[in-house]
There are 2 protein chains.
Amino acid sequence: MRSFKINENIIKYTFGDPLETESVIKNKGEEIKEDLKYLTLEEEGFTFGLKKEDIIYGLGENVGGINKRGRIFESFCTDDFSHTPEKKSLYGAHNFFVVHGEKTFGVFLDFGGKVIFDLGFNDKDKLKIKVSENDFNLYIIDGDNILDIVKNFRDIIGMSYVAPKWALGVGQSRWGYKNEEDIRNVLSRYEKEEMPLDMIYLDIDYMKDFKNFTVDTERFKDFEGFVKEFKEKGIRLIPIIDAGCKIEKGYDVYEEGIKNNFYCNDENGDPFVAAVWPGLVHFPDFLNKDARRWFGLKYKFLTDKGIEGFWNDMNEPAIFYSEKRLKEAFNYIDSFKDKNIGIYDYFDLSSSFDKLKNSIEDYKSFYHNIDGNLIRHDRVHNLFGFNMTRSASEGLKEIDENKRFLLFSRASTVGMHRYGGIWTGDNASWFEHIKLNLQMMPGINMCGFIFTGADTGGFGSNANEELVIRWSALSLFTPLFRNHAALGTRNQEPYSFSKEGRETLKNILDLRYALIPHLYSEYMKSILNNDMYFKPLAFEYNDDFSKRVEDQLLLGDSLMIAPVYEENAKGRYVYIPEDMLLLKANSLENIEFEVCKKGVSYMDLELNEVPIFIRKNKMLVINNSNAKRVEEIDEDTLDVFAFVDNKAIYTYYNDDGITNDFKEGKFEKIDIVIENDKENYKIEAKSIGLKKEKKLNLTIFNLDGSRVEKKITIS
Amino acid sequence: MRSFKINENIIKYTFGDPLETESVIKNKGEEIKEDLKYLTLEEEGFTFGLKKEDIIYGLGENVGGINKRGRIFESFCTDDFSHTPEKKSLYGAHNFFVVHGEKTFGVFLDFGGKVIFDLGFNDKDKLKIKVSENDFNLYIIDGDNILDIVKNFRDIIGMSYVAPKWALGVGQSRWGYKNEEDIRNVLSRYEKEEMPLDMIYLDIDYMKDFKNFTVDTERFKDFEGFVKEFKEKGIRLIPIIDAGCKIEKGYDVYEEGIKNNFYCNDENGDPFVAAVWPGLVHFPDFLNKDARRWFGLKYKFLTDKGIEGFWNDMNEPAIFYSEKRLKEAFNYIDSFKDKNIGIYDYFDLSSSFDKLKNSIEDYKSFYHNIDGNLIRHDRVHNLFGFNMTRSASEGLKEIDENKRFLLFSRASTVGMHRYGGIWTGDNASWFEHIKLNLQMMPGINMCGFIFTGADTGGFGSNANEELVIRWSALSLFTPLFRNHAALGTRNQEPYSFSKEGRETLKNILDLRYALIPHLYSEYMKSILNNDMYFKPLAFEYNDDFSKRVEDQLLLGDSLMIAPVYEENAKGRYVYIPEDMLLLKANSLENIEFEVCKKGVSYMDLELNEVPIFIRKNKMLVINNSNAKRVEEIDEDTLDVFAFVDNKAIYTYYNDDGITNDFKEGKFEKIDIVIENDKENYKIEAKSIGLKKEKKLNLTIFNLDGSRVEKKITIS
């Protein structure tokens with residue numbers, strides 16, 4: 001073990017001779033003599049003795065609560081559609097966590113292969129980390145408090161991907177919109193209901209035989225014209241790209257990849273063959289920088305047609321089967337034919353096909369060419385989706401350097417956060433998954449992924465109206481707000497339900513657009529400040545009870561959310577860590593305000609009511625222009641709701657939303673300060689970068705709920 | 001449709017010419033001219049327009065909340081180990097529910113085949129019932145309130161099965177205790193920890209090649225001696241019996257069944273062949289009364305060896321595959337060999353074996369001989385498990401008429417409740433399933449099943465210490481308290497955990513034994529009075545909030561329970577519908593009392609603390625004799641805790657626990673009345689049937705929490 005001081009708060013411990021994962025950017029430091037902090041290296045791996053009160057935050061996209069203690073996880077990107085409570089791996093491999101207790105510290109395990117995190121599962125008082133190989137880097141991160149540790153970690157892994165502002169609009173998706181007509185129908189139904197919308201997603205159906213960078217011209221006769229037609233209506237089409245590329249003579253992606261040896265090879269040096277949606281495919285070697293550049297520039301096929309956003313899928317990589325092992329399965333099954341079959345034989349037999357899926361044996365049988373070195377896939381498995389999305393991101397940058405593309409991925413690792421967002425994969429239409437969605441968010445943010453959200457309404461199984469409403473009332477707050485469902489499931493678009501349900505959903509979507517000035521401001525600030533968009537209460541409040549709260553989140557600097565996630569509920573319990581102002585809305589025209597006192601209580605909530613809590617001395621900024629597209633939002637007039645004890649502060653951020661000019665200082669910022677000056681309010685608003693005058697309509701609430709309205713204009 | 005007045009509250013509507021299911025006992029009534037009440041018969045089935053506030057209780061063993069509204073269910077006994085939130089069918093078919101709202105009424109669908117209950121899933125405001133055939137009886141049950149409707153229903157379906165009192169002790173089970181040594185080890189570990197225990201369950205491992213009514217003599221050299229050895233230590237061994245009987249020349253059960261045509265036949269009149277644990281089996285025709293009697297008397301093989309209890313399993317009936325369809329699957333798979341396989345072909349292919357499981361095609365291909373009529377299985381599918389357990393019950397009655405045997409089943413229908421209890425099948429070690437366990441209980445009770453409980457700690461997947469503790473703190477209250485787990489899962493016996501965990505679990509088990517006088521009293525009264533052992537709060541409290549409570553239950557007449565079911569929780573929210581006395585125990589030596597005021601609050605609960613709420617003007621009766629077997633409980637001294645406003649009443653019931661003599665009036669009953677008579681308490685205790693003097697140590701709490709201790713002796 002060698003120790004390197006990265007900075008005042010972070011030490012990197014290098015074990016063996018690790019491969020550079022590029023998860024961490026600031027990974028250089030002076031070598032020092034320093035023993036391993038906090039952890040002990042035992043035969044079973046790294047261990048830490050947990051105290052009774054210790055809480056463990058992090059590990060990104062995984063099942064379980066906000067506090068991950070008591071569980072065991074395997075960091076290994078896995079395509080598993082069944083997110084049941086015992087699952088150890090989902091699509092992401094997010095090896096950063098913080099232990100919060102007598103000792104508070106962060107750990108990041110920088111490694112591309114499998115890592116097991118036993119957070120008190122086998123022994124309730126012992127945290128154990130088992131890395132599957134001997135070559136890796138381990139970072140120990142200190143800080144003044146949990147949030148500070150997260151910020152310190154985020155600092156060394158680099159700035160998160162910045163989505164275009166329109167990507168904070170509403171997106172509609174479904175596996176099974178199969179042609180122009182289906183897509184047109186989605187938009188016309190949205191329009192008929194006067195529901196806002198910015199994106200329609202294209203799932204694998206748009207491709208010709210599921211081939212990347214193709215369009216089925218029978219189902220989309222003039223794709224470029226179609227994209228343009230929608231763009232003119234303010235709607236962007238967002239196609240999917242899969243990791244595997246179809247093996248098909250004459251298909252350019254196939255031919256070029258073969259010619260240049262850009263695909264992953266098997267042990268014999270032949271391109272590895274797996275089956276996924278297109279049938280037999282090769283996997284581009286995203287860890288080979290030449291292959292990565294080649295694949296990334298392929299996105300031009302679609303950007304040339306006017307496409308401005310993508311979602312990368314199946315990039316764990318998911319494998320339905322490999323040719324070789326399918327043959328073995330056939331032979332195995334064949335050996336039982338006409339024989340007497342014992343019942344255990346039968347179980348073996350009946351799992352013959354199932355066990356072909358995402359088999360570790362397959363992952364052990366193909367290789368990456370990393371700067372000339374052949375590295376077996378399983379050793380760098382977790383870097384695959386990362387580098388697919390990096391490939392896309394780098395390609396898109398080359399295609400249009402200053403343009404912000406929408407880009408998010410299913411598989412991911414720390415490092416990919418610099419190139420794209422993630423969605424949380426193939427969840428189900430279960431109320432339990434609304435809660436899981438909420439509980440996943442802070443851990444994902446901790447690992448640098450800010451542009452994130454879940455398939456609203458659930459991907460698998462059938463949703464009912466209430467579930468879609470309650471879920472939408474959570475997605476209302478997530479940067480990615482996309483309603484998405486699997487082929488064969490019940491329709492769950494917001495226009496699919498009863499008149500009452502459609503009305504409620506329309507109101508939630510309208511509320512989203514009214515909130516976008518605030519949400520975008522918080523989204524950008526959390527990226528620019530290495531901050532978290534969603535935080536557990538205990539990241540800001542030091543009281544003991546805040547540590548217990550598993551179903552409420554702080555959103556940015558000003559808000560707390562507490563969505564309902566139980567069927568037939570008419571409200572929910574809520575913990576108020578300090579006096580807050582509750583905004584309860586069932587439409588933009590009907591907003592009620594109520595001061596909530598610190599403590600526990602039960603909040604009544606009709607199915608059509610959405611609660612938003614404004615923290616003490618904080619503000620909420622909304623725009624009530626009834627925009628149906630993000631670009632239509634009138635940002636020159638903002639309604640500010642402030643809950644003021646002595647002095648409330650809010651920093652409003654905005655920029656053009658479509659370029660990277662903000663990096664050159666081209667953005668708007670207003671520091672609003674409202675001071676309670678003995679029965680009067682002193683309002684100050686310092687701005688930089690304003691291109692136009694802004695009108696602020698302020699409604700200022702004091703602790704007893706009485707309100708004052710003020711108008712100011714800033715230039 | 002013909003209408004029959006069963007009594008003042010119940011009308012039976014007969015459609016077509018239904019088969020007698022024997023679910024209802026009091027099913028005769030005068031034919032009347034009466035239109036269908038509440039429901040409307042439309043093309044899509046029976047419908048009822050749901051009002052916004054309507055709640056739906058019932059449908060027994062199913063996923064979902066206490067309020068089943070918004071969901072869709074298929075009543076069709078199904079062996080499905082994955083109790084995920086979208087599941088429509090589990091092991092039971094319990095077709096009774098109550099709509100509670102502007103109109104409050106009960107519905108029982110008396111039919112042996114599939115029935116679909118759409119409780120507002122497809123249309124949130126419409127309840128729909130679709131029966132798969134045209135011949136069935138429909139009962140509409142009225143009453144003064146929800147509980148009264150349940151009692152009226154329970155009255156016509158007959159008295160519930162009465163378990164022996166020792167069956168309320170703790171049972172330990174595991175699929176995989178494979179021989180005498182394993183079983184001895186269980187007991188010695190319990191003894192070492194001084195944990196109480198009454199039963200050890202034998203899963204399929206004890207049989208010779210999974211053959212019913214056999215014992216593997218290699219693994220159990222002297223089974224009769226072994227049973228006796230354990231009985232002498234106060235432990236009863238409870239073997240499993242499966243529905244399918246192995247096809248094996250010379251095996252008596254096989255030979256006799258074949259000889260007498262007691263097995264279900266296929267369309268050709270040959271015994272139907274399915275594969276389950278023993279490999280290929282025949283299913284006894286439990287709907288044929290001669291076969292039923294024959295199979296029931298087979299239990300004598302084990303009762304002769306000293307066995308006094310059984311659990312009937314795999315009696316949906318579960319089918320892994322049928323020979324015929326396995327052959328088809330092989331041929332189907334074979335047809336793809338060496339061919340080009342499309343991806344959708346592959347999905348078909350890979351599900352070839354999976355879809356053999358519990359296939360409706362199989363259920364449509366065998367027949368029952370009901371009084372000489374051949375009836376296709378799928379039409380009476382839900383009666384199969386019922387009649388297997390009836391077979392056992394009737395056999396055991398013939399074997400020893402006055403003895404109470406322990407008997408419970410996995411599959412069930414209304415009617416079976418007269419013959420045995422149920423456990424809730426193959427759940428998982430998920431915290432979500434602790435909540436599901438709680439939520440299932442009242443619906444199951446409504447359908448007549450009082451002896452019930454879940455696999456404590458979860459059957460599938462791996463449990464951690466905290467989960468087993470929290471789950472045990474719920475099972476503490478269920479009549480059936482059995483820790484059970486699947487082969488290959490992590491050990492979860494209470495002695496398997498840390499010292500601290502073992503201590504907590506020991507305390508919970510000890511508390512169970514202290515509570516047994518009370519639990520048995522409530523258990524018996526709920527049977528004798530057609531009452532519910534577990535009730536939702538809204539069955540007793542009329543306030544609006546009680547209707548919302550989905551995670552608390554009333555236990556019998558006096559108690560409310562509110563267990564913790566969330567990981568890492570240090571307490572929970574609780575709703576107190578009237579002032580109650582909270583008893584918080586972390587051991588029998590350390591019980592704290594606290595008066596809880598009506599309203600919502602948050603209750604702190606350490607992992608080692610169990611909460612019990614005593615309702616106002618009610619009492620809790622416990623015995624603190626540190627018994628390690630139910631039979632050791634000293635019932636001559638009882639500690640009574642009463643929470644008295646003006647007048648508290650409790651009826652204590654007890655009997656010999658092992659015979660049916662209680663039916664002849666041989667039981668003990670004490671009516672305890674404590675009246676708050678201006679700063680003094682007037683205590684009255686009227687008893688009948690006492691054989692010995694009873695000492696009652698009363699601790700009487702008034703509303704402000706101050707207490708008075710009194711001792712009385714009753715003879």
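Predicted model: local features only at pLDDT ≥ 70, side-chain atom pairs only at ≥ 80, totals over all residues.

Modeller: Start with the length of helix 7 of chain B.

Now the buried residues. In helix 7 of chain B they are Arg325(B), Leu326(B), Ala329(B), Phe330(B) and Ile333(B). Around the axis they cover an arc of only 150 degrees, so they sit on the same side of the helix. Lys324(B) and Lys327(B) are on the other side, and both are exposed.

What do the buried residues of helix 7 of chain B pack against? Part of the answer lies in chain A: helix 7 (323–334) and helix 8 (343–350). The rest lies in chain B itself: strand 22 (321–322), helix 8 (343–350) and helix 9 (360–363).

That brings in the pairing of the chains. A rotation of 180 degrees, with 0.0 Å of shift along its axis, superposes chain B on chain A. The RMSD is 0.0 Å. The two copies are thus related as by a two-fold rotation axis. Of the interface residues of chain B, 100% are also interface residues in chain A, so the copies meet through the same surface.

Next, a buried serine in chain A. Ser546(A) lies in the loop between strand 31 (534–535) and strand 32 (553–555) of that chain. Its relative accessible area is 1%, under the 20% cut-off, so Ser546(A) counts as buried. The side chain of Ser546(A) makes a polar contact with the side chain of Asp543(A), at 2.7 Å. Leaving out residues up to four places away in sequence, Ser546(A) touches Leu537(A), Ala538(A), Tyr541(A), Tyr575(A) and Pro577(A).

Last, the cysteines. How many disulfides are there over all chains? With sulfur atoms required to be within 2.5 Å, the count is zero. Cys447(B) is in no disulfide. The nearest cysteine sulfur is that of Cys77(B), 12 Å away. Cys447(B) is buried, with a relative accessible area of 0%. Cys596(A) is buried as well, at 11%.

Terms used
Residues numbered from 1 in each chain as written. Chains lettered and ligands numbered in written order. Heavy atoms only, no water. Buried < 20%, exposed > 50% of the residue type's maximum accessible area, 1.4 Å probe, protein only. Helix = DSSP H or I, 4+ residues; strand = E, 2+ residues; numbered from the N terminus. Arc of directions from axis to C-beta. Contact = heavy atoms within 4.5 Å. Polar contact = N/O pair within 3.5 Å; in protein donor to acceptor, adjacent residues only side chain to side chain. Least-squares fit on C-alpha atoms with pLDDT ≥ 70 in both.
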